[in-house]
Amino acid sequence: GLEIIDGQFVTHNDSGGDPALYYLDEKGKIVETRKIAGVKNTDWEDITKDEEFLYVANMGNNYDTRKNLSIVKIPIQKSSNENVEVINFSYPEQKKFKRIYRRSEYDAEALISFEDKLLIFTKNKRKKITEIYSLPKNAGNYQAKKIGSLNTDSIVTGGDYDKATNTLALTSTIKFDEYYVLIITDFSLNNKNQKIDMYEIPIGKTQVEAIKIIDPTTFWITSEDEKSSSAARLMKFKL
């Protein structure tokens, strides 16, 4: 996940990492580690924000087996006694939790703040689409509401939304050896046939997991540290 607060990048580790947010400068140097008490990093996959809060998506679900999906709600302003809330949720359409390999439908790695709600974009490996689910921003236990889908022809790995320009940006892959940026320049939940522009990210085999919009043609993206790349990377990408 990737956000920007007061000119600093805010990011986190994937599953197995500490429940912590890392504040970075533009050179990738960690300037602060903010540990989040009372929660666990089961599989943190994305981060988004509104005017007051950060929302961390603890919803990675590679094999469709998890029954403890959640969004961690964290005040943007740090304090010594932080009031962290948890938005627990499930997908009402999911009836089976048997382990599925490479064909899962209820994995998700993209979360945005949109108006007064949170939107989840699933990583549907079976259909190569993304389904859009809505959640309230208040702590509690919910069934996520499916409100639409996008024919991405790929599986979504990260997302961001810019309210000022009404731009939705997603990252995606097809076979995990190339990654793409998907752009919708006039995003609407009422438009069932939205135009999606798809651009390959020219960086070779890696694992792109997050995107942050600078403007409708310029983005920050991050990739994980894995065998196919020499290190985790923070990159600026321009169309």
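Reader: Thanks. Among contacts between residues at least 6 apart in sequence, what share joins residues at least 24 apart?

Author: In this chain 44% of the contacts between residues at least 6 apart in sequence join residues that are at least 24 apart. Please keep in mind as we go on that this is a predicted model.

Reader: Okay, and how many helices and strands are there in the chain?

Author: The chain has 20 strands and 0 helices. Its radius of gyration is 17 Å, close to the 18 Å that the globule rule gives for 239 residues, so the chain is as compact as a globular protein of that length. Taken along the principal axes, the box filled by the C-alpha atoms is roughly 45 × 40 × 40 Å.

Reader: What percentage of the residues is buried? And what about the exposed surface?

Author: Of the 239 residues in the chain, 51% are buried. The chain exposes about 11,600 Å², and 46% of that area is supplied by carbon and sulfur atoms.

Reader: Which strand does β2 join through 3 bridges?

Author: That is strand β3, residues 20-24, and β2 and β3 run antiparallel. Phe9 stands opposite Leu24, which belongs to β3.

Reader: Back to that positive phi for a second, where else does one turn up?

Author: As background, most residues other than glycine have a negative phi. Arg102, however, has a phi near 65 degrees, and this residue is found in the loop between β8 (85-90) and β9 (108-114). Asn166 is another case, with a positive phi of about 55 degrees although it is not a glycine, and it sits in the loop between β14 (155-162) and β15 (167-173).

Reader: Is Arg102 buried or exposed?

Author: Arg102 has a relative accessible area of 61%, and because anything over 50% counts as exposed, Arg102 is exposed.

Reader: New topic: how many salt bridges does a search of the whole structure find?

Author: The search finds 14 salt bridges. In one of them, the side chains of Lys49 and Glu3 meet with an N to O distance of 4.0 Å. This pair links distant parts of the chain, with Lys49 in strand β5 (residues 44-49) and Glu3 in strand β1, 46 residues apart.

Reader: And how accessible are those two?

Author: Lys49 is partly exposed, with a relative accessible area of 28%, whereas Glu3 is buried, at 1%. Glu3 and Lys49 also take part in a network of salt bridges that links them with Asp160 and Lys212.

Reader: Which residue does Asp50 form a salt bridge with?

Author: Its partner is Lys137, and the closest N and O atoms of the two are 3.1 Å apart. Here too distant parts of the chain are linked, since Asp50 is in the loop between β5 and β6 (53-58) and Lys137 is in the loop between β11 (130-136) and β12 (140-143), 87 residues apart. Asp50 is buried, with a relative accessible area of 18%, and Lys137 counts as buried at 10%.

Reader: Could you show me one more salt bridge?

Author: Glu109 forms one with Lys123, their closest N and O atoms being 3.0 Å apart. Glu109 lies in strand β9 and Lys123 in the loop between β10 (117-122) and β11, so this pair ties together parts that are 14 residues apart in sequence. Both Glu109 and Lys123 are buried.

Reader: Last one, about the end of the chain: in what order do β18, β19 and β20 sit in their sheet?

Author: These 3 strands form an open sheet in the order β18-β19-β20, with antiparallel pairing. The edge strands, each pairing on one side only, are β18 (208-215) and β20 (233-238). Neighbouring strands of this sheet are turned by 25 degrees against each other on average, direction ignored. Strand β19, residues 218-223, is joined to β20 by 6 bridges, and Phe219 stands opposite Phe237 in β20.

Notes
Residues numbered from 1 in each chain as written. Predicted model: local features only at pLDDT ≥ 70, side-chain atom pairs only at ≥ 80, totals over all residues. Heavy atoms only, no water. Pairing = 2+ DSSP bridges. Helix = DSSP H or I, 4+ residues; strand = E, 2+ residues; numbered from the N terminus. Axes fitted to C-alpha atoms, helices over the stretch in contact; angles between N-to-C directions. Buried < 20%, exposed > 50% of the residue type's maximum accessible area, 1.4 Å probe, protein only. Rg over C-alpha atoms; globule rule 2.2 N^0.38 Å. Contact = heavy atoms within 4.5 Å. Areas by Shrake-Rupley, 256 points an atom, 1.4 Å probe, with all protein chains shown as cover.
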